[in-house]
Amino acid sequence: MPSLPRLSATSWFWIAIGGIIAVRIVAVAFYPATGFPDRFGYLAYAETILTGTEWLHQAYDGSPLPGTAFRAPGYPLILAGLQILFGQLGFALAVQILQCAATVLACLPLFGAARRLVGPAAAALSVLGFGLSVTVAYELSILPDAFLIAAWIALLSITAIHWLDMRPMKPAAALLLGLMAVYVVMARGNGLHLLLLTLPVVLLATCQPGQRRDLRAVSLLLVYLPGFLAYGAVSLWNEYRTGERFFTTGGQIAMVQPVIRMAELGASPFVGDDLLCRTIREHAPDLSYEQIYDVDRALSTEHGLTPNQIANANVRLYLDTVIAFPAAFARMWVSNFDDKFAIGLVNPAFGLHEAHRLVLGERALPGFSAILKRGEGGVAAIPYAILYALGMLVSIVIFAAAALGTPIRFALAWRQGTLDRRAVLSAALWITCAAVIAYYCALFLVLRYVIMLSPFLIAIGVWTLTRPAKQSESAA
């Protein structure tokens, strides 16, 4: 790795935090809160909350995709509160500002954790690599992702700091993390899964050597119990409203997409004589995304299935397909990884340009390949292409170091008896990042689902490529 300028830790901190603040001030000033189609579902849920109390007692409204059952309630509740506070005129701007602020706040413990792991210069690289990425688009849009990403990053960063500082986690700090965990769970239908995948790092902080055994159990419980309670409360609420216990019916859509993808890769999942397969053959002959809605509508109106029953049927079909067609599943798993994540790890030219495209639906400049192959964009596109290429090169090196080099370096340290807390933390972060990517590759992966991994991959990638300062303490 090339040597970076020797600046104080404070200077690197302000370079990193100042950079992401400056970008967000410009972004909020010039970009509207538009973008992704998902926003309509969340806005409709928020409007339902504001227009009466019927949603508290009834979830199924006759629609095959009832909004207050299909969506997790966390983000719509925030949207409804902001509409009350700021009205229709200031609501969208307030959402953007708060979501950007959440990212900045999450970057404070992120810098602290990365500084302890790889030093202040690389910590700034981690923060800027994430902060100047496509994540800006999610902060500008009506989506639950920005708050979820911020909470997830802060939770991992704070636990990492406790581990590296050999600081026993007190119940108050654990409870604070537990409140962050509540939003992770409440933001998305699979939020509980994402929370549980933080366990390798959380275990280090809550159960580290030197901490009293009773405090270990209490701290671990306080981190995760609020999330489990939130999940259980929503599930019981849905049982009260529908007679069926579930958290969301998101499986109506989410679990069909990977099955269709496996069908494209050689599987034959829809040949069965069960109701779901027959309905898919009849109403989705092209297996297009849009036709999934036609299938749900038919199952609901023609056959009387509830949204939860449809979701459960889709989960069973997915599991049966994985078991029956493991080769197609393996091909899908590999193909689901988006190489944009790797080439955009430390690539502001790509990240900010992609954010512009996602928010406005159009490119500010032609794509990188179009500039190289056809010379599109003229002279103005050349600096962008150069910065893109440099960022892509650095990103690929760091991503490869993190993905492939980190476990090798950890294994060597283990064999040589030189494990320290940095090595143990890097291994735990690697396990968490690998688990999240593997989880989404088993379903479907888009950048906004995994972008919260990027600062940690940058940090452990740099740790792998450089020799950290010797540590006197042992991880044992």
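**Charges.** I began with the charges of this predicted model: the mean positions of the 32 positive and 27 negative charges in the protein chain lie 16 Å apart. I counted Lys and Arg as positive, Asp and Glu as negative, and left out His and the chain ends. Each charge was placed at NZ of Lys, CZ of Arg, CG of Asp or CD of Glu.

**Ground rules.** Residues are numbered from 1 along each chain as its sequence is written, and side-chain values use heavy atoms, without hydrogens and water. Local features need pLDDT of at least 70 and side-chain atom pairs pLDDT 80 or more, while totals for chains, interfaces and linings use all residues.

**Whole chain.** I found 25 helices and zero strands; these are DSSP runs (helices H or I, at least four residues; strands E, at least two), numbered from the N terminus. The radius of gyration is 23 Å, which agrees with the value near 23 Å for a compact globule of 476 residues. That radius is taken over C-alpha atoms, and the globule rule is 2.2 Å times the number of residues to the power 0.38. The C-alpha atoms fill a box of roughly 70 × 65 × 55 Å along the principal axes.

Next I looked up burial: 54% of the 476 residues are buried. Buried means under 20% relative accessible area, exposed over 50%, and partly exposed in between (1.4 Å probe, protein chains only).

**Helix H18.** Which residues of H18 are buried? In this helix, residues 326-335, I noted Ala328, Phe329 and Met332. Down the axis of H18 they fall within an arc of 100 degrees, so they line one face of the helix; the arc is that of the directions from the helix axis to the C-beta atoms. Pro326 and Val334 are exposed on the face turned away from that buried side. The buried residues of H18 pack against H14 (256-264), H17 (307-324) and H23 (421-441), where contact means heavy atoms within 4.5 Å.

**Thr432.** I followed H23 to Thr432, which lies in that helix. Thr432 counts as buried because its relative accessibility is 0%. Beyond residues up to four places away in sequence, Thr432 touches Trp152, Leu156, Leu197, Thr198, Pro200 and Val201.

**Ile17.** My last stop was Ile17, in helix H1 (residues 9-30). Is Ile17 buried or exposed? With a relative accessible area of 2%, Ile17 is buried. Leaving aside neighbours within four places in sequence, Ile17 contacts Val104, Cys107, Leu108 and Val127. Ile17 and Thr53 are 36 residues apart in sequence, and their C-alpha atoms are 42 Å apart in space.
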